[in-house]
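Please open the model in your viewer and keep the sequence panel beside it.

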Amino acid sequence: MPRRVEEDHKDFRDVVSGRIRKALKKFIKSGQIVRNRGKNGKISISIPKIDIPHIVYGESGEGIGRGPGKEGDVVGKDPKGQGQGNGAGQGEAEGITINLDLEDVLRFMQDELELPNLKKKPNEIYDEVKIKYNKISLIGPESLRHNRRTLKQTLKRQAAEGTIANTKIVPGCKDPVRVLQPINEDKRYRQYSEIKLPSSNALVIFARDGSGSMDDAKCEIVSDMAWWIDVWIRRFYDRVDRLYVWHDSEAMEVDEQKFYKYRFGGGTTCSSALKFITKQFENRYPPDKWNVYVFYFTDGENWGEDNQIFIETLANEFKPHIVNFTGIAQILASSYGDSVKFHVDEAIKNGKLDRECVRTVQVGGSADGKPMWSAPALSEENRNEQIIEAIQQLLGNPNKIHRE
């Protein structure tokens, strides 16, 4: 009987697991997950209610399986009137809300979106040197003398000499006792070795245009994308620092709240953000000690003469040995032609920029990169789907874009 119960429990767990995977797949594919950041490392999703078999008490009536029946009787149902299926319902559908670990959700996202593991820089970086006393030496200071090893060596020497049975009068003892008397050759000392710990540091830089055209809708898209990108990168590193850069005609470092909320009606010079970031590499975040990921968000508008400066800065200061890659996300651009993404895409086509080192995505506007002169409003569903696709292109294989 217990074995049968265990089998039933396993079958039930398999049913629940299947429902979870099906619901989670739909949750990710539809993009609804971008709005669900969870709490305390948990993501809440709903799955259809599972009816557990149970005994129903009361009169069984007549029919098939309940006594005499006839051809045409309904099995398992007892119709008692006409239903009203055409009217609108009210309230939430029956279901079960479950909390999943964020790590489990990210693993499922990786499989569903075919995201590869992030590759660290190929150069060997040592962030910390640890001292560990794991060796023995014949010389050293008395403070590091290894008493147990010393006495063991003394015991071996006196046994070999035949003096181990000799006794000696020791102050405080009435009778002579055997004594171990170490000499210099017996003494052993602890010795340390240096253990180099490989660096596992990541610097995630979020930079964005702060002009007045970056309205609330665009900033919310930036917030959703940045949160999931940050969570994804933190999976692969022990220590992750974040740097938020805001700019109009000049760039500056801001806190997270100001990064998402602050806007100003000044000019737009996109290259100012890149130049500010390069200054941080000099002393604060040396690239040889950090895996650097740069994400720049814009609505595509830039001062015309600055586009070429933007491209040159990317090509000269954001090379593969400096940053792991740079992602440029264009949000709800009013036009594609002459936008920031347009110029970066052209530079990639012409070989001025490395496709694997510089990646561009677009949310809203033209999905295939063709010119369009106005950014149509996005429905909630379409918005979330495009955000998921943009994250997939930024974090996935740049040579393999998934579209369905």
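Which residues form a nonpolar patch on the surface? Select Val129, Ile131, Tyr133 and Tyr192, which together have about 400 Å² of accessible area (Shrake-Rupley method with a 1.4 Å probe, where for residues only the protein chains shown count as cover). A patch is made of residues with over 30% relative accessible area and no salt bridge, like charges being joined within 9 Å and nonpolar side chains (Val, Leu, Ile, Met, Phe, Trp, Tyr) within 5 Å.

Before going further, bear in mind that this is a predicted model, in which local features need pLDDT of at least 70 and side-chain atom pairs count only at pLDDT 80 or more, while totals for chains, interfaces and linings use all residues. Residues are numbered from 1 along each chain as its sequence is written, and side-chain values use heavy atoms, with hydrogens and water left out.

Now colour strand β3 (residues 126-137), which gives the most to the patch, with three residues; helices (H or I, at least four residues) and strands (E, at least two) are DSSP runs, numbered from the N terminus. Ile131 lies in this strand and, at 44% relative accessibility, counts as partly exposed; the classes are buried under 20% relative accessible area, exposed over 50%, and partly exposed in between (1.4 Å probe, protein chains only).

Next, select Asp186, in the loop between β5 (177-178) and β6 (189-198). Asp186 is buried, with a relative accessible area of 2%, and its side chain is joined to that of Arg157 by a polar contact of 2.8 Å (a pair of N or O atoms within 3.5 Å; within protein, one must be able to donate a hydrogen and the other to accept it, and residues adjacent in sequence count only if both atoms are side-chain atoms).

At the N-terminal end, Asp215 caps the helix, with a side-chain oxygen 3.3 Å from the backbone nitrogen of Ala217. Within α4, pick Ala226, which is buried at a relative accessible area of 1%. Leaving out residues up to four places away in sequence, Ala226 touches Phe206 and Tyr260 (contact means heavy atoms within 4.5 Å).

Stay with α4 for its charged pairs. Asp299 forms a salt bridge with Lys218, the closest N and O atoms being 3.4 Å apart; a salt bridge is a side-chain nitrogen of Lys or Arg within 4 Å of a carboxyl oxygen of Asp or Glu. Asp299 lies in the loop between β10 and α7 and Lys218 in helix α4, so the pair ties together parts that are 81 residues apart in sequence.

Asp224 pairs with Arg383 in a salt bridge, at 2.7 Å between the closest N and O atoms. Because Asp224 lies in helix α4 and Arg383 in helix α9 (residues 380-395), the pair ties together parts 159 residues apart in sequence. Asp224 counts as buried at 5% relative accessibility, and Arg383 counts as buried at 7%.

Finally, select Asp230 and Arg242, whose side chains meet in a salt bridge (2.8 Å, N to O). Asp230 is buried at 8% relative accessibility, whereas Arg242 is partly exposed, with a relative accessible area of 35%.
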